[in-house]
Amino acid sequence: MRAFVAFLFAAALPCVGARAESMADMVRDLNATQNRMVTGDAAARDQSARQFDLIEKAIANIDSASWREERHARAAIVYLLCGGAAGGLRGVLAAKHFDEGLSSLLDASLLYAEGDPRARNALMAFDARQYPAMLGGHLALVQGGTLVGIDNAKAIGLFDLARLLMPGSLVEEAALRREISILDPVRDNEKLGLLSVRYAAKYSSSPFARHFWELFSNIALGFDGMAPPTSRVDLVLEKAPQPERFAFYLALSRRFILAGGFADADAALAKARMSALDPMQSRRVSAYLATLSALRGDQRATVLREIETSGLPDEDVRLVSLAASVGVRLEKPIDSSSQGDEASLSDDKYELEESVRHALAQTDELLKRAIRR
């Protein structure tokens with residue numbers, strides 16, 4: 001019985017803490033670690049770095065017979081395309097250890113890893129659809145990345161292919177961010193919303209997610225009247241870290257206030273208030289609510305001059321000051337002698353005043369219609 005237990009223990013030893021030794025196994029483990037990293041495994045980032053080091057050191061000890069196996073050659077290419085150093089692989093290629101069918105792709109991948117400008121044209125000679133999913137996905141991602149700013153339409157197609165081949169992976173995470181960055185916000189509005197929802201739902205815990213939140217905010221706030229559908233924005237921001245969610249809704253409310261969109265500003269401020277967690281954030285919301293109330297005429301504009309703005313961000317101080325100046329002017333009756341003063345208004349004050357007058361006029365018209373009914 002004791003001998004049998006010893007046999008079982010000895011048989012289990014190789015499985016405990018064992019490291020994969022072949023190139024294909026090591027790259028498979030690297031890929032799995034990277035995929036865990038972008039879906040929220042905090043420890044996977046360091047593990048990924050260690051796996052890169054392990055592979056780089058192991059390359060010199062892999063025998064030539066192993067390199068001739070297609071799975072190991074493919075793994076070497078994936079390693080290069082996902083950020084591995086060229087290192088000893090250039091020598092392995094020069095020694096003609098690789099199968100001829102993959103040697104040219106390995107050479108193109110080495111150019112990419114070495115930062116050689118010839119890499120783009122060399123890589124574009126290959127069709128990512130002709131390879132297994134892991135290799136094809138990494139190849140399509142890199143190909144798309146080399147075309148950004150040169151042929152965005154083709155780059156978008158390659159990012160779509162990369163996502164299709166490797167869902168739930170670092171490849172998809174990177175492809176989503178890069179594709180979102182080059183989609184046309186007007187023409188591709190629907191797709192932009194769908195991809196943003198996918199990223200937020202799957203990769204909000206990625207160490208690279210901060211780049212997505214910055215990108216999403218810039219796109220959603222960066223053009224007039226063509227923001228993604230409100231429901232999509234809300235779906236995306238449900239997954240955003242609290243600081244990003246608060247900053248977005250407050251910036252959105254500021255944009256609506258400056259455009260005279262009081263109802264939209266109210267809605268955005270309500271969401272900002274729900275996202276506020278600290279006293280400074282609450283102060284900022286209160287300042288915006290007071291600004292909106294004064295511009296509507298619900299309270300005297302002079303109240304805005306009493307708001308304590310010390311410590312508030314510059315954009316908040318400018319908004320309160322601008323609204324106070326415009327509000328005071330709006331409270332004065334318009335006469336012919338004051339019309340010449342418009343020429344002395346700054347562009348920002350003049351535009352805000354016009355927006356507010358238009359919004360108030362629309363409100364008055366709605367009230368008159370309601371009374372007539």
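I began with a polar contact: the side chain of Ser-169 has a polar atom 3.2 Å from the backbone nitrogen of Val-171. The model I am reading is predicted, and I keep that in mind throughout.

**Ser-169**

I placed the residue next. Ser-169 sits in the loop between H10 and H11. Is Ser-169 buried or exposed? I looked up its relative accessible area, which is 2%; the cut-off for buried is under 20%, so Ser-169 counts as buried. I then listed what Ser-169 touches, leaving aside neighbours within four places in sequence: the contacts are Asn-35, Val-38 and Tyr-203.

**Helix H9**

I turned to H9, which runs over residues 133-147.

How many of the 15 residues of H9 are buried? I find twelve, and the helix is mostly covered. I noted the buried run from the list, which includes Gly-136, Gly-137, His-138, Leu-139, Ala-140, Leu-141, Val-142, Gln-143 and Gly-144. Leu-135, Thr-146 and Leu-147 are also among the buried residues of H9.

Which helices cover them? I recorded H2 (23-38), H5 (70-81), H7 (100-113) and H8 (119-123) as part of the cover. H10 (152-165) and H11 (170-182) are also included. The loop holding Ser-169 lies between these last two, H10 and H11.

**The chain as a whole**

I counted 19 helices and zero strands in the protein chain. Of its 373 residues, 42% count as buried. Among contacts with a separation of 6 or more, 62% join residues 24 or more positions apart. The chain exposes about 19,700 Å², with carbon and sulfur atoms supplying 53% of that area.

**Confidence**

I left the confidence values for last. The average pLDDT of the protein chain is 84, and 80% of the residues score at least 70. Where is the pLDDT under 50? Residues 1-20 stay under 50, and the model gives this stretch four contacts beyond four places in sequence. Residues 338-345 are also below 50, with seven contacts beyond near neighbours in sequence. Where pLDDT is low, the predicted coordinates should not be read in detail.

Terms used
Residues are numbered from 1 along each chain as its sequence is written. Side-chain values use heavy atoms; hydrogens and water are left out. pLDDT is the predictor's confidence in each residue, from 0 to 100. Contact means heavy atoms within 4.5 Å. Helices (H or I, at least four residues) and strands (E, at least two) are DSSP runs, numbered from the N terminus. Buried means under 20% relative accessible area, exposed over 50%, partly exposed in between (1.4 Å probe, protein chains only). Accessible areas come from the Shrake-Rupley method with a 1.4 Å probe; for residues, only the protein chains shown count as cover. The expected span of a helix is 1.5 Å times one less than its number of residues. A polar contact is a pair of N or O atoms within 3.5 Å; within protein, one must be able to donate a hydrogen and the other to accept it, and residues adjacent in sequence count only if both atoms are side-chain atoms.
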